[in-house]
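Good morning, and thank you for coming. Please look at the model on the screen while I take you through its parts one at a time.

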Amino acid sequence: MSNYFQPAIETMPAAQIKALQNEKFRKQMAHVWNDCPDYRRKMEAAGLTLDDIQSLDDIGKLPFTSKDDLREHYPYAMLAKPLADCVRIQSTSGTTGKRVIAYYTQHDIDIWEECCARAIAATGGTKEDVVQVSYGYGLFTGGPGLNGGSHKLGCLTLPMSSGNTDRQLQFMTDLGATIICCTPSYAAYLAESIKERGLRDQIKLKAGIFGAEAWSEEMRRDIEQSLGIKAYDIYGLTEISGPGVSFECEEQTGMHINEDHFYAEIIDPDTGEILPEGAEGELVFTCLDKEAFPVIRYRTKDICVLTRKTCSCGRTFIKMVKPRGRSDDMLIIKGVNVFPSQIEAVLLEQGYQANYQLIVDRVNNSDTLDVNVEMTPEKFTDNLGQVSEMEKKLVAALKAMLGIYAKVHLVAPKSITRSEGKAVRVIDNRKI
Ligand SMILES: [Zn+2]
């Protein structure tokens with residue numbers, strides 16, 4: 001029997017969830033039509049009135065919302081409540097353009113935090129636990145989301161934020177943190193630091209919740225072994241609320257979507273057509289009961305699959321498999337789609353750690369990919385012959401995975417800068 005935060009909802013029969021979704025969706029569309037002029041204009045431009053949308057069966061008629069739509073109407077895109085009713089904003093990082101600002105009423109904050117509480121409970125978390133939140137706080141949703149979820153569940157919450165590894169480890173050991181929440185790359189860095197300082201037997205961690213960047217199954221196993229924990233995936237995006245849109249249970253075979261708040265579709269990214277369950281395509285979300293920022297049919301650019309197979313944890317929410325990668329992270333090199341997570345998987349499989357950097361360039365009109373990889377202390381050698389052999393082996397393994405040639409440079413341990421938030425894995429020097 002799994003550990004739930006809201007068992008009645010989390011294990012509700014699928015037919016009842018569908019009825020609840022339909023009821024919320026009808027109300028939400030009336031709210032958007034009446035209170036969100038940006039989206040109403042889009043509906044009118046598509047020749048739609050509110051009467052055309054009776055249930056979720058009609059959702060395919062509605063226009064999509066893209067990140068560009070939200071940026072275009074900055075800073076008040078999709079705002080559907082007076083600012084006097086809003087109590088918080090969060091914002092995207094803006095690394096790929098103008099920031100998107102998300103607005104929350106108190107109700108919106110409550111449902112977001114409940115979703116995060118469900119995620120922590122799914123790792124076995126209870127009020128007895130000490131939750132160390134090492135995601136960044138501030139505009140980034142990672143810290144505030146898990147912080148709120150930990151409060152709702154009644155855990156002792158350590159609002160560490162990111163960075164300052166010495167202080168992280170001091171609180172982790174002195175206060176006996178049992179659950180850690182951070183990016184997977186920072187978890188790997190913490191594991192490395194714990195090993196170096198010989199702190200492993202002073203660590204009481206049993207679970208970790210890791211998200212906000214793409215990570216591979218190999219990296220999961222690596223973190224689980226090095227920290228002696230079970231590592232859970234969590235998914236979310238600021239445009240929809242933040243972390244906790246979906247979360248993993250003990251089965252670790254995909255993330256349950258909080259379907260009472262978010263309706264998920266998979267579409268063909270080229271035609272926009274809705275695809276049947278089980279098909280791979282782009283993930284699209286509609287917020288069913290958010291008040292201030294009720295984004296409708298938001299195109300996430302994440303490529304994944306939805307499945308409603310019975311889960312051993314007892315939850316009935318549909319599951320999404322780990323996205324293959326955000327299309328924003330995807331590189332096109334020599335015409336081939338390359339996800340950094342694929343390269344990471346090869347490195348871990350070959351006994352390296354996830355300390356690497358990809359440099360993409362264009363020389364004589366042809367793309368080049370250089371991969372800098374740190375040697376582990378165990379593999380470290382200054383025998384150039386051996387280094388060259390190891391590099392050749394990695395080149396072959398990468399070629400087998402990606403289908404293209406990547407030049408590999410093995411570098412000394414610790415020579416690639418560590419991230420304390422989202423890792424910077426890719427430097428693209430191409431001027432296109
Ligand atoms: Zn489950």
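I begin with one residue. Leu169 touches Ser193, Ile194, Arg197 and Leu199, leaving out residues up to four places away in sequence. Here, contact means that the C-beta atoms of two residues, placed from the backbone, lie within 7 Å. Before I continue, please note that this is a predicted model: local features need pLDDT of at least 70, side-chain atom pairs count only at pLDDT 80 or more, and totals for chains, interfaces and linings use all residues. Residues are numbered from 1 along each chain as its sequence is written.

Leu169 is found in helix α7. Helices (H or I, at least four residues) and strands (E, at least two) are DSSP runs, numbered from the N terminus. Is Leu169 buried, exposed or partly exposed? Leu169 counts as partly exposed because it has 18 C-beta neighbours inside 10 Å. The rule is that a residue is buried if 20 or more other C-beta atoms lie within 10 Å of its own, exposed if 12 or fewer, and partly exposed in between, with C-beta atoms placed from the backbone. Leu169 and Arg197 are 28 residues apart in sequence, and their C-alpha atoms are 9.7 Å apart in space.

The axes of helix α7 (residues 165–174) and α8 come within 11 Å and cross at roughly 75 degrees. α7 is therefore roughly perpendicular to α8. Axes are lines fitted to C-alpha atoms, for helices over the stretch in contact, and angles run from 0 to 180 degrees between N-to-C directions. Angles under 35 degrees count as roughly parallel, over 145 as roughly antiparallel, 65 to 115 as roughly perpendicular, and the rest as oblique. From α7, the contact is made by Thr165, Gln168 and Leu169, and from α8 by Leu190, Ser193 and Ile194. By class, this contact has 3 nonpolar, 3 polar and no charged residues. In these classes, Ala, Val, Leu, Ile, Met, Phe, Trp, Tyr, Cys and Pro count as nonpolar, Asp, Glu, Lys and Arg as charged, and the others, Gly among them, as polar.

I turn now to the core. Which residues touch the most other members of the largest nonpolar core? They are Ile120, Ala187 and Phe285, out of 110 residues in that core. The largest share, 10 residues, comes from helix α5 (residues 106–122). The core also draws at least three residues from each of domain 1 (1–324) and domain 2 (331–428). A nonpolar core is a set of buried Ala, Val, Leu, Ile, Met, Phe, Trp, Tyr and Cys residues joined through C-beta atoms within 7 Å. Ala187 itself touches Ile180, Cys182, Gly208, Phe210, Ile223 and Leu227, again not counting residues up to four places away in sequence.

Next, the domains, whose bounds come from an automatic or database domain assignment. The centres of domain 1 and domain 2, taken over C-alpha atoms, are separated by 30 Å. In the contact between them, 17 residues of domain 1 meet 15 residues of domain 2. On the side of domain 1 that touches domain 2, α8 (184–196) and α9 (217–227) are the elements that give two or more residues. α8 gives the most to that side, with 4 residues.

Finally, some backbone details. Most residues other than glycine have a negative phi, and most peptide bonds are trans. The peptide bond from Tyr74 to Pro75 is cis, with omega near 0 degrees, and Pro75 is found in the loop between α4 (67–72) and β1 (88–91). Lys301, although not a glycine, has a positive phi of about 70 degrees, and its place is in strand β12 (residues 298–304). Lys414 is likewise not a glycine and has a positive phi of about 70 degrees; Lys414 is found in the loop between β19 (407–411) and β20 (426–428).

Thank you for your attention.
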